[in-house]
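Biologist: Please take a close look at one part of this model, the pairing between strands. Then set that part in the context of the rest of the chain.

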Amino acid sequence: MTAIGFIGLGNMGFPMACRLKEAGHEVRCFDVNTGSMERAHDAGLQPRASVQEAVAGAEVVITMLPSGRHVLEVLGAEALPFAPGAFVIDCSTIDVESCAAFHATLGERGLVTLDAPVSGGVGGAAAGTLTFMVGGTEAAFARALELLRVMGKNIIHAGAPGAGQAAKICNNMLAGISMLAVSEALHLAKRLGLDPKKFFEIASTSSGQCWALTSYAPEPGLVPAAPANRGYEGGFASELMLKDLRLAEQAAVASHSPALLGAAAASVYAMHCAAGKGRLDFSSIIQMLGAAQPARI
Ligand code: NAD
(Lines give C-alpha, C1' and ligand atoms only; values in the text may rest on other atoms or scores of the structure.)
Protein backbone atom coordinates (compact mmCIF):
# COMPACT_ATOMS: atom_id res chain seq x y z
CA MET A 1 0.00 0.00 0.00
CA THR A 2 1.28 3.45 -0.96
CA ALA A 3 0.24 6.73 0.67
CA ILE A 4 -0.79 8.92 -2.27
CA GLY A 5 -1.64 12.64 -2.25
CA PHE A 6 -4.03 13.25 -5.18
CA ILE A 7 -4.80 16.85 -6.24
CA GLY A 8 -7.59 17.61 -8.75
CA LEU A 9 -10.71 15.42 -8.62
CA GLY A 10 -12.48 16.52 -11.79
CA ASN A 11 -13.81 14.44 -14.68
CA MET A 12 -10.53 12.55 -14.99
CA GLY A 13 -8.92 12.84 -11.55
CA PHE A 14 -11.86 11.40 -9.62
CA PRO A 15 -12.09 8.06 -11.47
CA MET A 16 -8.28 7.77 -11.49
CA ALA A 17 -8.14 8.32 -7.71
CA CYS A 18 -10.95 5.76 -7.26
CA ARG A 19 -8.99 3.12 -9.13
CA LEU A 20 -5.97 3.72 -6.90
CA LYS A 21 -8.16 3.35 -3.82
CA GLU A 22 -9.73 0.14 -5.20
CA ALA A 23 -6.21 -1.25 -5.72
CA GLY A 24 -5.62 -0.86 -1.98
CA HIS A 25 -3.73 2.43 -1.83
CA GLU A 26 -4.43 5.18 0.69
CA VAL A 27 -5.60 8.15 -1.36
CA ARG A 28 -5.52 11.50 0.47
CA CYS A 29 -7.07 14.00 -1.87
CA PHE A 30 -7.88 17.68 -2.36
CA ASP A 31 -9.87 19.76 -4.83
CA VAL A 32 -10.94 23.41 -4.56
CA ASN A 33 -14.45 22.38 -5.61
CA THR A 34 -16.58 21.39 -2.61
CA GLY A 35 -18.86 19.17 -4.74
CA SER A 36 -15.81 17.16 -5.84
CA MET A 37 -14.71 16.78 -2.21
CA GLU A 38 -18.13 15.48 -1.18
CA ARG A 39 -18.09 12.99 -4.06
CA ALA A 40 -14.60 11.88 -2.97
CA HIS A 41 -15.81 11.36 0.60
CA ASP A 42 -18.81 9.31 -0.59
CA ALA A 43 -16.49 7.14 -2.70
CA GLY A 44 -14.29 6.28 0.30
CA LEU A 45 -11.32 8.46 -0.65
CA GLN A 46 -9.74 10.49 2.15
CA PRO A 47 -10.50 14.19 1.58
CA ARG A 48 -8.03 16.64 3.15
CA ALA A 49 -8.63 20.33 3.92
CA SER A 50 -5.78 21.68 1.78
CA VAL A 51 -3.03 20.79 -0.68
CA GLN A 52 -0.62 20.93 2.28
CA GLU A 53 -2.56 18.27 4.16
CA ALA A 54 -2.92 16.03 1.10
CA VAL A 55 0.81 16.20 0.37
CA ALA A 56 2.12 15.83 3.95
CA GLY A 57 3.73 12.42 4.41
CA ALA A 58 2.66 11.13 0.97
CA GLU A 59 5.15 8.86 -0.79
CA VAL A 60 3.62 9.77 -4.16
CA VAL A 61 1.82 12.98 -5.17
CA ILE A 62 -0.35 12.95 -8.31
CA THR A 63 -1.86 16.06 -9.93
CA MET A 64 -4.71 16.11 -12.48
CA LEU A 65 -5.39 19.81 -12.98
CA PRO A 66 -6.69 21.95 -15.86
CA SER A 67 -3.49 23.69 -17.04
CA GLY A 68 0.16 24.53 -16.41
CA ARG A 69 -0.74 27.59 -14.37
CA HIS A 70 -2.70 25.45 -11.92
CA VAL A 71 0.06 22.84 -11.66
CA LEU A 72 2.73 25.43 -10.88
CA GLU A 73 0.48 27.28 -8.41
CA VAL A 74 -0.39 24.10 -6.56
CA LEU A 75 3.03 22.42 -6.52
CA GLY A 76 5.26 25.49 -6.57
CA ALA A 77 4.29 26.78 -3.11
CA GLU A 78 7.50 27.01 -1.06
CA ALA A 79 5.90 25.75 2.13
CA LEU A 80 4.53 22.44 0.83
CA PRO A 81 5.50 19.70 3.29
CA PHE A 82 6.67 17.07 0.78
CA ALA A 83 8.12 13.91 2.32
CA PRO A 84 11.89 13.69 1.62
CA GLY A 85 12.46 12.15 -1.84
CA ALA A 86 8.72 12.05 -2.60
CA PHE A 87 7.66 11.12 -6.11
CA VAL A 88 5.54 13.71 -7.97
CA ILE A 89 3.61 12.68 -11.10
CA ASP A 90 1.73 15.32 -13.09
CA CYS A 91 -0.95 13.75 -15.30
CA SER A 92 -2.51 17.05 -16.49
CA THR A 93 -2.10 18.22 -20.09
CA ILE A 94 0.06 21.35 -19.83
CA ASP A 95 2.31 23.55 -21.95
CA VAL A 96 5.93 22.69 -22.62
CA GLU A 97 7.34 25.65 -20.62
CA SER A 98 5.27 24.95 -17.51
CA CYS A 99 6.26 21.31 -17.74
CA ALA A 100 9.96 22.26 -17.79
CA ALA A 101 9.37 24.54 -14.77
CA PHE A 102 7.56 21.71 -12.96
CA HIS A 103 10.55 19.36 -13.35
CA ALA A 104 13.14 22.06 -12.52
CA THR A 105 11.39 23.55 -9.46
CA LEU A 106 10.60 20.24 -7.81
CA GLY A 107 13.90 18.65 -8.84
CA GLU A 108 15.74 21.44 -6.97
CA ARG A 109 13.91 20.31 -3.83
CA GLY A 110 15.19 16.77 -4.22
CA LEU A 111 11.88 15.36 -5.45
CA VAL A 112 11.57 12.79 -8.25
CA THR A 113 9.27 14.00 -11.06
CA LEU A 114 7.44 12.60 -14.08
CA ASP A 115 5.15 14.23 -16.61
CA ALA A 116 2.55 11.57 -17.44
CA PRO A 117 -0.37 13.00 -19.44
CA VAL A 118 -3.08 10.61 -20.55
CA SER A 119 -5.33 9.75 -23.44
CA GLY A 120 -8.53 7.71 -23.31
CA GLY A 121 -11.06 10.10 -21.80
CA VAL A 122 -13.35 9.74 -18.81
CA GLY A 123 -14.42 6.22 -19.85
CA GLY A 124 -10.79 5.11 -20.02
CA ALA A 125 -10.11 6.67 -16.59
CA ALA A 126 -13.03 4.76 -15.04
CA ALA A 127 -12.09 1.47 -16.73
CA GLY A 128 -8.36 1.80 -16.04
CA THR A 129 -7.54 1.64 -19.75
CA LEU A 130 -5.84 5.03 -20.20
CA THR A 131 -2.73 5.46 -22.31
CA PHE A 132 0.03 7.19 -20.31
CA MET A 133 2.79 9.00 -22.20
CA VAL A 134 5.57 9.49 -19.73
CA GLY A 135 8.51 11.89 -19.62
CA GLY A 136 11.31 11.41 -17.09
CA THR A 137 14.35 9.31 -16.27
CA GLU A 138 14.37 5.54 -16.79
CA ALA A 139 14.62 5.05 -13.02
CA ALA A 140 11.63 7.29 -12.32
CA PHE A 141 9.60 5.55 -15.03
CA ALA A 142 10.40 2.12 -13.57
CA ARG A 143 9.37 3.34 -10.11
CA ALA A 144 6.00 4.62 -11.41
CA LEU A 145 5.03 1.64 -13.57
CA GLU A 146 3.09 -0.35 -10.97
CA LEU A 147 0.94 2.64 -9.96
CA LEU A 148 0.33 3.76 -13.54
CA ARG A 149 -0.77 0.23 -14.47
CA VAL A 150 -3.61 0.56 -11.95
CA MET A 151 -4.96 3.49 -13.99
CA GLY A 152 -3.89 2.62 -17.53
CA LYS A 153 -3.43 -0.13 -20.06
CA ASN A 154 -0.71 1.34 -22.29
CA ILE A 155 2.16 2.92 -20.35
CA ILE A 156 4.77 4.30 -22.72
CA HIS A 157 8.06 5.92 -21.76
CA ALA A 158 8.22 8.77 -24.30
CA GLY A 159 11.70 9.91 -23.25
CA ALA A 160 13.39 12.56 -21.08
CA PRO A 161 11.48 15.00 -18.81
CA GLY A 162 8.91 16.86 -20.95
CA ALA A 163 8.65 14.13 -23.60
CA GLY A 164 5.26 12.98 -22.29
CA GLN A 165 3.73 16.42 -22.73
CA ALA A 166 5.33 16.77 -26.16
CA ALA A 167 3.74 13.48 -27.25
CA LYS A 168 0.36 14.46 -25.80
CA ILE A 169 0.32 17.84 -27.55
CA CYS A 170 1.25 16.30 -30.92
CA ASN A 171 -1.31 13.51 -30.53
CA ASN A 172 -4.14 15.90 -29.69
CA MET A 173 -3.23 18.23 -32.56
CA LEU A 174 -3.55 15.20 -34.83
CA ALA A 175 -6.90 14.23 -33.25
CA GLY A 176 -8.27 17.79 -33.62
CA ILE A 177 -7.21 18.06 -37.27
CA SER A 178 -8.52 14.61 -38.19
CA MET A 179 -11.89 15.21 -36.48
CA LEU A 180 -12.29 18.38 -38.54
CA ALA A 181 -11.22 16.54 -41.71
CA VAL A 182 -13.71 13.72 -41.07
CA SER A 183 -16.44 16.32 -40.42
CA GLU A 184 -15.69 18.07 -43.72
CA ALA A 185 -15.74 14.80 -45.63
CA LEU A 186 -19.04 13.65 -44.07
CA HIS A 187 -20.61 17.03 -44.70
CA LEU A 188 -19.50 17.10 -48.33
CA ALA A 189 -20.65 13.50 -48.84
CA LYS A 190 -24.15 14.44 -47.64
CA ARG A 191 -24.23 17.54 -49.85
CA LEU A 192 -23.34 15.30 -52.79
CA GLY A 193 -26.34 13.12 -52.02
CA LEU A 194 -24.55 10.18 -50.38
CA ASP A 195 -26.09 8.31 -47.48
CA PRO A 196 -23.68 8.97 -44.51
CA LYS A 197 -23.86 5.26 -43.59
CA LYS A 198 -22.76 4.28 -47.10
CA PHE A 199 -19.94 6.80 -47.04
CA PHE A 200 -18.90 5.55 -43.58
CA GLU A 201 -18.86 1.95 -44.85
CA ILE A 202 -16.71 2.93 -47.83
CA ALA A 203 -14.26 5.32 -46.10
CA SER A 204 -13.82 2.94 -43.13
CA THR A 205 -12.23 0.41 -45.49
CA SER A 206 -10.52 2.92 -47.79
CA SER A 207 -7.61 5.33 -47.52
CA GLY A 208 -9.71 7.83 -45.53
CA GLN A 209 -9.92 5.42 -42.58
CA CYS A 210 -8.86 6.91 -39.22
CA TRP A 211 -9.80 6.81 -35.50
CA ALA A 212 -11.94 9.98 -35.74
CA LEU A 213 -14.09 8.19 -38.33
CA THR A 214 -14.23 4.55 -37.26
CA SER A 215 -14.19 4.90 -33.45
CA TYR A 216 -15.57 8.38 -32.83
CA ALA A 217 -17.59 9.44 -35.89
CA PRO A 218 -19.06 12.96 -35.49
CA GLU A 219 -22.29 12.10 -37.34
CA PRO A 220 -25.03 10.40 -35.25
CA GLY A 221 -25.96 6.82 -36.19
CA LEU A 222 -22.53 5.63 -37.35
CA VAL A 223 -20.59 4.53 -34.22
CA PRO A 224 -22.95 3.50 -31.38
CA ALA A 225 -20.58 4.45 -28.52
CA ALA A 226 -19.62 7.86 -29.98
CA PRO A 227 -20.76 11.07 -28.20
CA ALA A 228 -22.57 12.09 -31.44
CA ASN A 229 -25.29 9.63 -30.37
CA ARG A 230 -25.73 11.30 -26.97
CA GLY A 231 -26.12 14.89 -28.14
CA TYR A 232 -22.33 15.33 -27.85
CA GLU A 233 -22.58 15.21 -24.04
CA GLY A 234 -19.65 13.79 -22.01
CA GLY A 235 -16.51 12.80 -23.87
CA PHE A 236 -13.71 15.33 -24.43
CA ALA A 237 -14.92 18.94 -24.31
CA SER A 238 -14.34 21.19 -27.33
CA GLU A 239 -12.84 23.81 -24.98
CA LEU A 240 -10.21 21.28 -23.84
CA MET A 241 -9.44 20.45 -27.47
CA LEU A 242 -9.05 24.18 -28.15
CA LYS A 243 -6.68 24.42 -25.17
CA ASP A 244 -4.56 21.57 -26.54
CA LEU A 245 -4.52 23.00 -30.08
CA ARG A 246 -3.31 26.29 -28.60
CA LEU A 247 -0.57 24.40 -26.71
CA ALA A 248 0.46 22.84 -30.03
CA GLU A 249 0.51 26.27 -31.70
CA GLN A 250 2.73 27.67 -28.93
CA ALA A 251 5.09 24.70 -29.21
CA ALA A 252 5.18 24.98 -33.03
CA VAL A 253 6.13 28.68 -32.87
CA ALA A 254 8.78 28.05 -30.20
CA SER A 255 10.36 25.21 -32.19
CA HIS A 256 10.02 26.91 -35.63
CA SER A 257 7.82 24.05 -36.89
CA PRO A 258 5.15 24.55 -39.55
CA ALA A 259 1.73 23.48 -38.19
CA LEU A 260 -0.68 25.06 -40.67
CA LEU A 261 -3.48 22.55 -40.24
CA GLY A 262 -3.13 22.69 -36.46
CA ALA A 263 -3.55 26.48 -36.57
CA ALA A 264 -6.56 26.17 -38.88
CA ALA A 265 -8.18 23.60 -36.57
CA ALA A 266 -7.55 25.89 -33.57
CA SER A 267 -9.37 28.76 -35.35
CA VAL A 268 -12.40 26.59 -36.13
CA TYR A 269 -12.56 25.27 -32.54
CA ALA A 270 -12.23 28.86 -31.24
CA MET A 271 -15.30 29.87 -33.30
CA HIS A 272 -17.17 26.79 -32.10
CA CYS A 273 -16.42 27.62 -28.45
CA ALA A 274 -17.31 31.29 -28.99
CA ALA A 275 -20.68 30.06 -30.28
CA GLY A 276 -21.32 28.52 -26.84
CA LYS A 277 -20.41 24.92 -27.75
CA GLY A 278 -17.27 24.67 -25.61
CA ARG A 279 -18.66 22.06 -23.20
CA LEU A 280 -19.85 19.75 -25.99
CA ASP A 281 -17.62 16.86 -27.05
CA PHE A 282 -15.04 17.87 -29.66
CA SER A 283 -16.75 15.80 -32.37
CA SER A 284 -19.58 18.40 -32.26
CA ILE A 285 -17.29 20.49 -34.48
CA ILE A 286 -19.32 19.02 -37.39
CA GLN A 287 -22.09 21.43 -36.34
CA MET A 288 -19.91 24.32 -37.48
CA LEU A 289 -20.16 22.96 -41.02
CA GLY A 290 -23.78 21.87 -40.87
CA ALA A 291 -24.96 25.43 -40.40
CA ALA A 292 -23.27 26.59 -43.63
CA GLN A 293 -25.56 27.28 -46.61
CA PRO A 294 -24.80 25.87 -50.06
CA ALA A 295 -22.90 28.42 -52.17
CA ARG A 296 -24.97 30.23 -54.80
CA ILE A 297 -22.69 31.39 -57.58
P1 NAD B 1 -11.77 19.11 -14.86
O2 NAD B 1 -11.94 20.57 -15.06
O3 NAD B 1 -12.97 18.23 -14.81
O4 NAD B 1 -10.95 18.84 -13.48
C5 NAD B 1 -9.94 19.67 -12.98
C6 NAD B 1 -10.11 19.72 -11.47
O7 NAD B 1 -9.05 20.49 -10.91
C8 NAD B 1 -11.42 20.40 -11.05
O9 NAD B 1 -12.16 19.54 -10.21
C10 NAD B 1 -10.95 21.66 -10.32
O11 NAD B 1 -11.81 22.05 -9.26
C12 NAD B 1 -9.59 21.22 -9.82
N13 NAD B 1 -8.71 22.34 -9.47
C14 NAD B 1 -8.46 23.48 -10.15
N15 NAD B 1 -7.58 24.24 -9.48
C16 NAD B 1 -7.26 23.58 -8.34
C17 NAD B 1 -6.41 23.86 -7.24
N18 NAD B 1 -5.72 25.00 -7.17
N19 NAD B 1 -6.32 22.96 -6.25
C20 NAD B 1 -7.04 21.80 -6.30
N21 NAD B 1 -7.88 21.49 -7.31
C22 NAD B 1 -7.98 22.36 -8.33
O23 NAD B 1 -10.75 18.63 -15.98
P24 NAD B 1 -10.50 17.12 -16.47
O25 NAD B 1 -11.38 16.81 -17.59
O26 NAD B 1 -10.45 16.22 -15.27
O27 NAD B 1 -9.02 17.29 -17.08
C28 NAD B 1 -7.88 17.40 -16.26
C29 NAD B 1 -6.65 17.42 -17.16
O30 NAD B 1 -6.63 16.22 -17.95
C31 NAD B 1 -6.65 18.58 -18.17
O32 NAD B 1 -5.33 19.04 -18.31
C33 NAD B 1 -7.16 17.93 -19.45
O34 NAD B 1 -6.69 18.60 -20.62
C35 NAD B 1 -6.60 16.54 -19.33
N36 NAD B 1 -7.34 15.50 -20.04
C37 NAD B 1 -8.70 15.46 -20.02
C38 NAD B 1 -9.37 14.45 -20.70
C39 NAD B 1 -10.88 14.37 -20.72
O40 NAD B 1 -11.44 13.57 -21.49
N41 NAD B 1 -11.59 15.13 -19.88
C42 NAD B 1 -8.64 13.47 -21.41
C43 NAD B 1 -7.26 13.51 -21.38
C44 NAD B 1 -6.61 14.54 -20.69
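Modeller: Ile62 stands opposite Ile89 in E5. That is one facing pair between two strands, where strands (E, at least two residues) and helices (H or I, at least four residues) are DSSP runs, numbered from the N terminus. Ile62 belongs to strand E4, residues 60-63. Strand E5 covers residues 87-90. Before going on, note that this is a predicted model: local features need pLDDT of at least 70, side-chain atom pairs count only at pLDDT 80 or more, and totals for chains, interfaces and linings use all residues. Numbering starts from 1 along each chain as its sequence is written, and side-chain values use heavy atoms, with hydrogens and water left out.

Back to the pair of strands. E4 and E5 run parallel and are joined by 4 bridges. They count as paired because DSSP finds at least two bridges between them.

Now the side chains of E4. Val60 and Ile62 point one way, while Val61 and Thr63 point the other way. All four are buried, that is, under 20% relative accessible area, with exposed meaning over 50% and partly exposed in between (1.4 Å probe, protein chains only).

E4 has another partner. Strand E1, residues 3-7, pairs with E4 in the parallel sense over 4 bridges. Here Ile4 stands opposite Val60 in E4. So E4 has parallel pairings with both E1 and E5, each counted under the DSSP bridge rule.

Helix H4 spans residues 68-76, and Gly76 is found in it. Gly76 counts as partly exposed, at 28% relative accessibility. Leaving aside its neighbours within four places in sequence, Gly76 is in contact (heavy atoms within 4.5 Å) with Val71 and Arg109. Its C-alpha also lies 10 Å from that of Ala104, which is 28 residues away in sequence. Glu78 lies in the loop between H4 and E5. Glu78 is exposed, with a relative accessible area of 75%. Arg109 comes up again here.

Gly5 and Ala127 are 122 residues apart in sequence and 21 Å apart in space, C-alpha to C-alpha. Ala127 is found in helix H6, residues 121-127. Its relative accessible area is 44%, so Ala127 is partly exposed.

Tyr232 sits in the loop between helix H10 (211-214) and helix H11 (238-254). Its phi is near 65°, a positive value in a residue other than glycine. Tyr232 is buried, with a relative accessible area of 7%. His256 is found in the loop between H11 and helix H12 (260-277). Its phi is near 55°, again positive in a residue other than glycine. His256 counts as exposed, at 75% relative accessibility.

Lys198 is found in helix H9, residues 196-204. This lysine is partly exposed, with a relative accessible area of 44%. Lys198 and Leu222 are 24 residues apart along the chain, and their C-alpha atoms are separated by 9.9 Å.

Now the whole chain. It has 13 helices and 9 strands. Its radius of gyration is 20 Å, close to the 19 Å that the globule rule gives for 297 residues, so the chain is as compact as a globular protein of that length. That radius is taken over C-alpha atoms, and the rule is 2.2 Å times the number of residues to the power 0.38. Along the principal axes, the C-alpha atoms fill a box of roughly 70 × 45 × 35 Å. Of the 297 residues, 49% count as buried. Among contacts between residues at least 6 apart in sequence, 63% join residues at least 24 apart.

Last, surface and charge. The chain exposes about 13700 Å², and carbon and sulfur atoms supply 59% of it. Those areas come from the Shrake-Rupley method with a 1.4 Å probe; for residues, only the protein chains shown count as cover. There are 21 positive and 25 negative side chains, and the centres of the two sets lie 7 Å apart. Lys and Arg count as positive and Asp and Glu as negative; His and the chain ends are not counted. Each charge is placed at NZ of Lys, CZ of Arg, CG of Asp or CD of Glu.
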